[in-house]
Amino acid sequence: MKSFAKLLATAATFGLMAGTASAEDMRIALVVKALGIGFFEAAAKGAEEAAGELGDVEIIYTGPTDTTAEGQIEVINSLIAQRVDAIAISANDTDALVPTLKKAMQRGITVISWDSGVAPEGRQMHLNPSSNPLIGNMILKLAADNLPEGGDVAVLSATTTSTNQNIWIDEMKKVMPEYPGINLVATVYGDDLADKSYREAQGLMQSYPDLDAIIAPTSVGIVAAAQAVVDAGKVGEVNVTGLGLPSEMAGAIESGASKSFAIWNPIDLGYAATMIAYNLAKGDDEAAPGATIGMGRLGEVTLDDDNTGAMADPFVYDSSNIDEFKGIF
Amino acid sequence: MSILKHRETLLVAVIAAMLALIASRFPGFVTPGNLAAVFTDTAPLMILALGQMAVILTRCIDLSVAANLALTGMAVALLNTVAPGLPVVLTIALAIGMGALMGAINGLLVWKLDIPSIVVTLGTMTIFRGIIFLISDGQWVNAHEMSANFTGFPRIEILGLPVLAWIAIIAIAAMGLVMSRTVLGRSIFAAGSNPHAAAYTGIDVGRTQFAAFVISGALAGLTGYLWIARYAVAYVDIAGGFELDVVAACVIGGISIAGGVGTVAGAVLGALFLGVIKNALPVVDISPFWQLAISGAAILIAVAFNARAGRSKGRVILKSAEHAA
């Protein structure tokens, strides 16, 4: 069944190529971790948006049927055989794809990675959805935007040793002076367990009766904190914000426990990856440390020493757009 | 018997002392409202500890309770997304049935194939977690996908306590009756304290162990629904590692891992002891790095008490045997 689906996907790719490709169209392949995942379907939507803007671009949205590196290697080999102009990939493995992608680059194909990167030797550049400083700033901004008079905020993190969360919290603390009147009263850890996060959130509300916001830069924590706020009857008094997924946070937005939260926007990500792949393949921009590459309506990305760039601030979700995104990812 | 009595009074004293200590740092903790909240928060742990107690009494252990809870919880959550109108009573009956079925699988493997329970339940634990992944496809079931009845039921307040707490109280009373007033309850004690003697009196030890696993499974299934409804989210790793808390609650409550010794009150107090610690640590401003160490130390101290209690009992028997000789 699985191999049948794979066959269909490959056949569809070929069919698409035979049907619509004209000689001068640039063909950009958007290779995702697996087909049928809402997040990547949304990225494909963004890629089509970019193609529509550019005009002479054809998007080949493809990927394996399950999230394996082997499946992606097969897909890439088939794309090399089709002589596409560019491959933009969200990789299932950092290293396993390098030899195949090197082969693609030797054939003159532009290769970039986005979302989930490959090792530097396997791609020309990597596009991160955001960067640690941008995330650290955003989670504090989300809380501060709802507190014009200032107020007390607390952080509910994952575990004490979670690398990502610790970096984001550090970055957040660095920008605290830019938000006068906002006091960070405590940082607690819910270990990414629903029950412990819930209890920690309850504890925060008890220890700090004047608490105005809980910032949870972790998807389990933010959901649990929102539930704790609802159960404590403090909706409207304590705003839960941070990083979460729209599908998981829809209930919290609906109940009002969370006014807004952030995470990458997959549509923008697919759009930006396509724009970058186009500019690189066309030769308008070059991927080198310090270089800037155009991303259409999203401005420009600046590459660091690893040829890695950050797209933008995390995208903010609130009651105005949650319904559109909760079905996507 | 005096040792058992001692254990329970000791636990009550320790819990009271802890509450006093916490109150000195955070007076709000000992208000009746908050104590009720702590009791409610500990309800899932108490219910699971009751089931685990029955299993441990028969010289077995059930490490699959948290996975059972998670699988049942995911199943009823998924069911709720396709049939939001299903009455909660039916959901609960289904959850208990599913949990009991999973407990029965454990029990059958232990009873009929004579596999050590720790191996059986380690295996079923991972199998259950795997099944959750298969039925959910790794996706979460989120608050907005659950019906208001489904998540609201454990929160309904009756006489000042939420239904979740009342269910725990009913479970405690029911287990108290079963353990002290029924043939099954007495068989569980007999099968655990001396399996050979139990067999001679006509008790089928394997069957008794099977029954204990079914009880544990049924209670885990019930908790599965309660847990998902309380936290309004279901995903693969829900209650990850919670089986260890359950075993710890039993051990702290004076239930002997060697089987045959333990009480319903002990299991409940053991769970409450952990529940008070879990709820107090976030408010007394202790570094998170210390929290795990404190929980761990409490378990070690309890085990040391258990071991001492067991040893002195053995010595007494030997001494009296020596005297007799």
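**Exercise 1. Find which residues of helix 4 of chain B meet which residues of helix 5 of chain B.**

Step 1. Take helix 4 of chain B: Met102(B), Ile105(B), Asn106(B), Leu109(B) and Val110(B) make the contact.
Step 2. Their partners in helix 5 of chain B are Ser117(B), Val120(B), Thr121(B), Thr124(B) and Phe128(B). Contact means C-beta atoms, placed from the backbone, within 7 Å. Helices (H or I, at least four residues) and strands (E, at least two) are DSSP runs, numbered from the N terminus.
Step 3. Sort by class: 6 nonpolar, 4 polar and no charged residues. Ala, Val, Leu, Ile, Met, Phe, Trp, Tyr, Cys and Pro count as nonpolar; Asp, Glu, Lys and Arg count as charged; the others, Gly among them, are polar.

This is a predicted model: local features need pLDDT of at least 70, side-chain atom pairs count only at pLDDT 80 or more, and totals for chains, interfaces and linings use all residues. Residues are numbered from 1 along each chain as its sequence is written, while chains are lettered from A and ligands numbered from 1 in the order in which they are written.

**Exercise 2. Describe the packing of helix 4 of chain B (88–112) and helix 5 of chain B (117–136).**

Step 1. The angle is about 145°. Angles run from 0 to 180 degrees between N-to-C directions, and axes are lines fitted to C-alpha atoms over the stretch in contact.
Step 2. The axes lie 9 Å apart.

**Exercise 3. Describe the side of chain B that touches chain A.**

Step 1. Count: 18 residues of chain B contact 21 residues of chain A.
Step 2. Helix 12 (264–280) and helix 13 (288–324) of chain B each give two or more residues.
Step 3. By class, this side has 10 nonpolar, 5 polar and 3 charged residues.

Methods
Contact = placed C-beta atoms within 7 Å.
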